Amino acid sequence: VDFEFMEKSRDSRKFNKRFKELGIKKKHKIVGGVFRLEEGKRVELWLDSFAEALKKESALRGIIVGSGRMEDTIEEWVGERNLENRVSLVGSSEDVCSWLEKMNVFLLTSRTEGLPNVIIEAQGFGVPCISTDVGGVREVIDHGRSGFVVDSSDSREIGNSILLALGNKNKNMSIRAKRRARKIFSVESMIKNTHYHYSNILSD
């Protein structure tokens, strides 16, 4: 992940105006997501998990960044759960960095994934991640240290993991997430490792 490019892509003026419109205050804790609004992302489970956490933490606010063919359906789901004033669908954005920096926890509830770059990106900006146990998620999240991998589709269990990540005992989780993502998955790290392996091969 090119974290430096993401940081340079900020559009602070445009972002601040959009964020202000959401009415989110400093006291709020943001559960965020960045993904396509498609069936495989299981946004219904995302909303149910958020709602479970909300029962025990009233300061939660949800932000979903992304667009897709299910946008109208997801808006209906938000209404059915009475989350209109709690969860905001902000559409697609080229300035993902600014949104990530506002999140306290990143939530991904996909049915399938490969190696999800979006989790690497979120952790690279100091956001602890909660994800269902799919694809290469366990290679990206250091379970219990940079986030939590939930081997379940139970919204209550996922909701509890959100609360754990927000808890005082895990206040260093953000630091660990950022340090790990930038150490292992940055462009600089990729170049360094590639050079190391080619050098070993050529020396043989």
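Which residues are exposed on the other side of helix H9? The tour of this predicted model begins with that helix and then turns to the sheet.

**Helix H9**

Select residues 173–184, the 12 residues of H9. From first C-alpha to last, the helix reaches 16 Å, close to the 16 Å expected at 1.5 Å a residue.

Next, display the side chains of Met173, Ala177 and Ala181, which are the buried residues of H9. Viewed down the helix axis, these buried residues fall within an arc of 55°, so they line one face of H9. In general, an α-helix has 3.6 residues a turn, so residues three or four places apart point the same way.

Now select Arg179 and Lys183: these are the exposed residues on the other side of H9, and they answer the opening question.

Return to the buried residues and show what covers them. The cover includes helix H1 (3–8), helix H6 (117–124), strand S6 (147–150) and helix H8 (155–166).

**The sheet**

**Strands S4 and S5**

Finally, select residues 105–108 (S4) together with residues 129–132 (S5). These two strands pair in the parallel sense over 3 bridges. Centre the view on leucine 107, whose bridge partner in S5 is isoleucine 130.

Definitions and conventions. Residues are numbered from 1 along each chain as its sequence is written. This is a predicted model: local features need pLDDT of at least 70, side-chain atom pairs count only at pLDDT 80 or more; totals for chains, interfaces and linings use all residues. Side-chain values use heavy atoms; hydrogens and water are left out. Helices (H or I, at least four residues) and strands (E, at least two) are DSSP runs, numbered from the N terminus. The expected span of a helix is 1.5 Å times one less than its number of residues. Buried means under 20% relative accessible area, exposed over 50%, partly exposed in between (1.4 Å probe, protein chains only). The arc is that of the directions from the helix axis to the C-beta atoms. Contact means heavy atoms within 4.5 Å. Two strands pair if DSSP finds at least two bridges between them.
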